[in-house]
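Subject: Handing over the structure

Hello,

Here is the structure I promised to pass on. Please open it first, then read my notes below.

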Amino acid sequence: PIGISKSIGLGVISFAEDFARLQPDIIVLLGDRFEILAAAIAATIARIPIAHLHGGETTEGVIDEPIRHSITKMSHLHFASTEVYRNRIIQLGEHPERVFNVGATGLEALNKLTLMSKSSLEENLGFDFGEQCFLVTYHPVTLLSRSEEDAFGELLKAFEKFSNAKFIFTYPNADTSGRKIIEMQQLFAKKYPDQVYLTPSLGQLRYLSAIQFVDAVIGNSSSALIEVPSFNTPSINIGIRQKGRMAPDSVLHCSENYKEIVEAMNKALSPEFKNFVKTVQNPYGKGNVAEKVMCILKTVDLTNILVKKFYDIEESA
């Protein structure tokens with residue numbers, strides 16, 4: 001926590017310096033991370049309008065939740081990923097005329113990238129996917145009541161039940177306890193070298209390509225709820241990190257309990273669920289977000305945009 005707080009402070013200082021040098025008309029921020037909060041604070045003090053992507057969402061298990069809503073209140077244009085989130089931004093007092101449902105930015109790359117074939121990806125990674133393969137991304141749960149070691153240990157314990165499966169692990173983010181999770185991943189990879197591929201990051205192209213060929217994506221990353229459903233691949237969302245976020249029916253939910261995780265993995269592997277997932281529609285849109293956002297940014301009148309009046313729903317009804 002001390003390191004993160006210091007990083008936010010350094011971020012505010014550095015963003016302030018860059019904004020003074022660049023003199024932007026408006027800045028565009030995405031999401032709910034503490035790094036983005038630093039940029040929002042600096043822009044607010046410098047009286048620079050903010051356009052915010054992915055506001056109105058909820059992730060009750062992490063400190064990102066209050067950070068996201070704080071950035072919403074500092075912002076002047078809002079680009080939500082679903083109509084539900086657009087309405088929630090309005091509920092926070094933002095004027096409807098400045099709140100737009102454009103879809104999820106994470107789906108943009110699906111229309112832009114030429115994804116890798118399975119053979120090319122396996123050759124690139126030096127890793128055979130085998131008959132069963134799971135893609136695993138697990139981040140710290142900053143408001144978790146139990147220790148991160150216990151929670152992540154339950155996940156690894158569940159994986160040991162699948163002796164014939166392969167696992168592709170990516171590192172967690174920089175939140176508190178992330179280093180401990182990395183140490184546990186490294187020990188697991190050392191114990192099962194033939195089953196595990198461990199990397200700090202696959203990068204966008206390899207990550208999206210891998211989703212096509214794995215049996216399920218497991219962990220607590222938002223990508224399991226937003227991007228993965230577009231591939232008609234099952235997701236297993238573990239714990240409370242994403243609690244409150246909209247999830248398509250292709251997402252299975254369970255707690256940090258190895259028996260529940262094993263049950264969810266078996267369901268994801270079942271032919272019945274795999275066939276069902278093929279019929280699921282992604283509520284986060286189909287991409288083309290950049291074009292929608294750019295059209296609005298090009299035409300919006302920035303005159304007096306910094307002066308905001310709280311939009312009261314009851315008075316407007």
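This is a predicted model: local features need pLDDT of at least 70, side-chain atom pairs count only at pLDDT 80 or more; totals for chains, interfaces and linings use all residues.

Residues are numbered from 1 along each chain as its sequence is written, and side-chain values use heavy atoms, with hydrogens and water left out.

**The whole chain**

The chain has 13 helices and 10 strands. Both are DSSP runs numbered from the N terminus: helices are H or I with at least four residues, strands are E with at least two. The radius of gyration is 21 Å, close to the 20 Å that the globule rule gives for 317 residues, so the chain is as compact as a globular protein of that length. (That radius is taken over C-alpha atoms; the rule is 2.2 Å times the number of residues to the power 0.38.) Along the principal axes, the C-alpha atoms fill a box of roughly 60 × 45 × 40 Å.

**The sheet of 4 strands**

This sheet is open, with parallel pairing and the order β1-β2-β3-β4. Two strands pair if DSSP finds at least two bridges between them. At the edges are β1 (27-30) and β4 (99-101), each pairing on one side only. From one strand to the next, the twist averages 20°. Angles here run from 0 to 180 degrees between N-to-C directions, and axes are lines fitted to C-alpha atoms, for helices over the stretch in contact. Inside the sheet, β2 (residues 50-53) and β3 (residues 77-80) pair over 3 bridges in the parallel sense. There, H52 stands opposite H78 in β3.

**The sheet of 6 strands**

The other open sheet has 6 strands in the order β7-β6-β5-β8-β9-β10, with parallel pairing. Its edge strands are β7 (196-199) and β10 (251-254); each pairs on one side only. Its twist averages 20° from one strand to the next. Strands β5 (residues 133-137) and β8 (residues 216-219) run parallel and are joined by 4 bridges. V136 stands opposite I218 in β8.

Helix α6 packs on this sheet, touching β5, β6 (166-170), β8 and β9 (235-238). Its direction makes about 155° with that of β6. Helix α7 lies across β6 and β7, running at about 145° to β7. Contact means heavy atoms within 4.5 Å.

**Helix pairs**

Two packed helices are described by the angle between their axes and the distance between the axes.

*α6 and α7.* Helix α6 (residues 148-159) packs with helix α7 (residues 178-191) at an angle of about 25°, their axes 10 Å apart. That makes α6 roughly parallel to α7. (Angles under 35 degrees count as roughly parallel, over 145 as roughly antiparallel, 65 to 115 as roughly perpendicular and the rest as oblique.) The crossing of α6 with α7 is right-handed. (Right-handed means the near helix is turned clockwise from the far one by less than a right angle; left-handed means anticlockwise.) On the α6 side are E148, E149, F152, G153, L156 and F159; they meet K180, I181, M184, Q185 and F188 in α7. By class, this contact has 6 nonpolar, 2 polar and 3 charged residues. (Ala, Val, Leu, Ile, Met, Phe, Trp, Tyr, Cys and Pro count as nonpolar, Asp, Glu, Lys and Arg as charged, and the others, Gly among them, as polar.)

*α6 and α10.* The axes of α6 and α10 (residues 258-269) come within 8 Å and cross at roughly 50°. That makes α6 oblique to α10. This crossing is right-handed. E154, L155, K157, A158 and F159 in α6 meet Y258, I261, V262 and M265 in α10. The contact divides into 7 nonpolar, no polar and 2 charged residues.

*α5 and α8.* Helices α5 (residues 118-125) and α8 (residues 203-211) pack at about 130°, with axes 10 Å apart. That makes α5 oblique to α8. Their crossing is left-handed. L121, N124 and L125 of α5 make the contact with R206, S209 and A210 of α8. By class, 3 residues are nonpolar, 2 polar and 1 charged.

Best wishes
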